[in-house]
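Open the model in your viewer and keep the selection tool at hand. We will go from stop to stop, and at each one you select something and look.

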Amino acid sequence: MDQNDINRLRGKTAVVGLAESGCGLASGWSAMEIMASAVHDALDDAGIKLKEVDGVFAATAFHSMAAMSLSEYLGVKPKFADGSQIGGSSFLSHILTAAMALDAGLINVAVVAYGSNQKSAGGFKTISEAMPYEAQYQPRMPVTAYALSAKRYMNEFGATREDLANVAVSARDWALLNPRAYTHQDGPLTINDVLSARPIVDPLGKLDCCLVTDGGAAIVMTRSDRAKDTKNTPIYLLGAAMEHHHRMISEMPDLVQTSAIESGKRAFIMSGYKPNDMSTIQLYDAFTINTLLFLEDLGFCKKGEARELVKNNNIGPAGNLKVNTNGGGLSCVHPGMYGLFVTLEALRQLRNASGDDVGQRLNGGWIDNAKLSVAHGNGGVLSSQVTNIWGVSDTL
Amino acid sequence: MAENLAGTVGPEQQFKNFLSEGKFMIQRCKSLNKFFFHPRVAFPGSGERDLEWVEASGNGEVYSSSCNRRLPEKGGDFNLSLITLEEGPRMMARVEGIDPDKVEIGQKVKARISSLNGEPAVIFDIV
């Protein structure tokens, strides 16, 4: 691939508004109402009127044609829309598509949105069809798939359930600093709490698995020339790339290596930065094994070494790596598709460090002088991998 | 040519029909001399269509395994594994005849055709 082509989108677009809505419990609210509320709040945050929105990007487990349903609900007539569904990473791929459509001049203002009321509507909600050649064995998807990966990872690298538990403990420590987190009041976790939690699919127990909550989120994107004139600090999209190698876990080429190796490599090349340049690292932690795999696959350490990297709370608030600083899907919020919340936290850390008021955190919850964040999305069963690199203006 | 498919069935149904006859069959690409699973209309990745069905040896090895916890009144815990077949391809299946949490990576297994919920299914036993 030509280097100039891959860099074409670098810094051309920016997020100028963001919001979340109904996170935790939102009984009495539909997925669409939660999603649309987030869009209106994100537009208010940006200071951009609904009438200016001409690009709509959305996915949920509640609407098979989410971009169309959302556009109708908002009363928007988009000139370009995309409701591609590749699981929880969909939004990070929508961001790439929105950047392409903005850069091509097809649209001027894009919203990327998500909403879910799965918790108040009865529990984990999926839009997925049954997988041929797997369904008759009745796997408890998605947990079984991640358990199979975790078991193989432990076998290949001598990792233990304690290594996985370190991830959950650090995520909770971040959540304790974030008043928005669902478990903010729940107190810290110990390794023993995680190990003794109810087994779901061995080797994963309940506290190796993400929360089940309600919630929605939205962001507003424009071309960078316009972003300079909006009321908040614009956060620029410096790199974005996606890749997937399988849909069913039985087709995953190697259970301990994800296609984040490829998406991460190309996103970092586009951005011109390296993993160690990132002030904050936001990873799609639907299960504890995810954080280990993505730290390795995105280049923060070698394959098999993340278990060392996450020891001694090194990815917690007092650690060297600022990973999942909102508390993650494990301890902050997870309405079924977590990708836009990975993005929100990457953006919020940069805006806070630039002086915007994006909410309160306890001491240590905000990362001082944060300038670059990586947001990594995962979808399906370690299937779709999408990496976005975000930066403030002086990283352009 | 696949323009007119009337009167034939696709590879998925062919696979199920073989199972109903008590045969565990997998596909092989003749020109590449390579096996693959799951059944498809062409070799994945390069598209060769000179395929034939071959009876699998049934020999395999546990690539990964999980114990799915389930209430006793709903049938109890069960094993779910990924098995690498001797011929190369990998598939999901259950390993039975052993405690569901005692199946370990690298164990040799042998296929038999059993049934799950009234449908024929490939199940593996520890060798």
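**Before you start**

This is a predicted model: local features need pLDDT of at least 70, side-chain atom pairs count only at pLDDT 80 or more, and totals for chains, interfaces and linings use all residues. Residues are numbered from 1 along each chain as its sequence is written, while chains are lettered from A and ligands numbered from 1 in the order in which they are written.

**Stop 1: chain A**

Select chain A. Its C-alpha trace spans about 55 × 45 × 40 Å along the principal axes. The radius of gyration, taken over C-alpha atoms, is 19 Å. A compact globule of 396 residues would have a value near 21 Å, so the two agree. That rule is 2.2 Å times the number of residues to the power 0.38.

Switch to cartoon. Chain A has 13 helices and 11 strands. Helices (H or I, at least four residues) and strands (E, at least two) are DSSP runs, numbered from the N terminus.

How much of chain A is buried? The share is 63% of its 396 residues. A residue is buried if 20 or more other C-beta atoms, placed from the backbone, lie within 10 Å of its own, exposed if 12 or fewer, and partly exposed in between.

**Stop 2: the core**

Select Met35(A), Ala42(A), Val111(A), Val112(A) and Val220(A). These have the most contacts inside the largest nonpolar core, which has 161 residues. Such a core is a set of buried Ala, Val, Leu, Ile, Met, Phe, Trp, Tyr and Cys residues joined through C-beta atoms within 7 Å. Now colour helix H2 (residues 31-46) of chain A: it gives the largest share of this core, 10 residues. In soluble globular proteins, nonpolar side chains tend to be buried together.

Centre on Val220(A). Leaving aside neighbours within four places in sequence, its contacts include Val15(A), Ala42(A), Ile48(A) and Val111(A). Two residues are in contact if their C-beta atoms lie within 7 Å.

**Stop 3: the contact with chain B**

Show both chains. Here 21 residues of chain B are in contact with 19 residues of chain A. On the chain B side, the elements giving two or more residues are strands S4 (59-68), S5 (78-85), S6 (90-96) and S8 (119-126). That side divides into nine nonpolar, six polar and six charged residues. Ala, Val, Leu, Ile, Met, Phe, Trp, Tyr, Cys and Pro count as nonpolar, Asp, Glu, Lys and Arg as charged, and the others, Gly among them, as polar.

Select strand S5 (residues 199-202) of chain A. This strand and S4(B) pair in the antiparallel sense over two bridges; pairing needs at least two bridges found by DSSP. Val201(A) stands opposite Asn68(B).

**Stop 4: backbone spots**

Most residues other than glycine have a negative phi, and most peptide bonds are trans. Now look at some exceptions.

- Met141(A) and Pro142(A) are joined by a cis peptide bond, with omega about 5°. Pro142(A) lies in the loop between strand S4 (109-116) and helix H5 (143-157) of chain A.
- Asp202(A) and Pro203(A) are also joined by a cis peptide bond, with omega about 10°.
- Tyr133(A) has a positive phi, near 70°. It is partly exposed, with 18 other C-beta atoms within 10 Å.
- Asn117(B) has a positive phi, near 50°. It counts as exposed, with 7 C-beta neighbours inside 10 Å.
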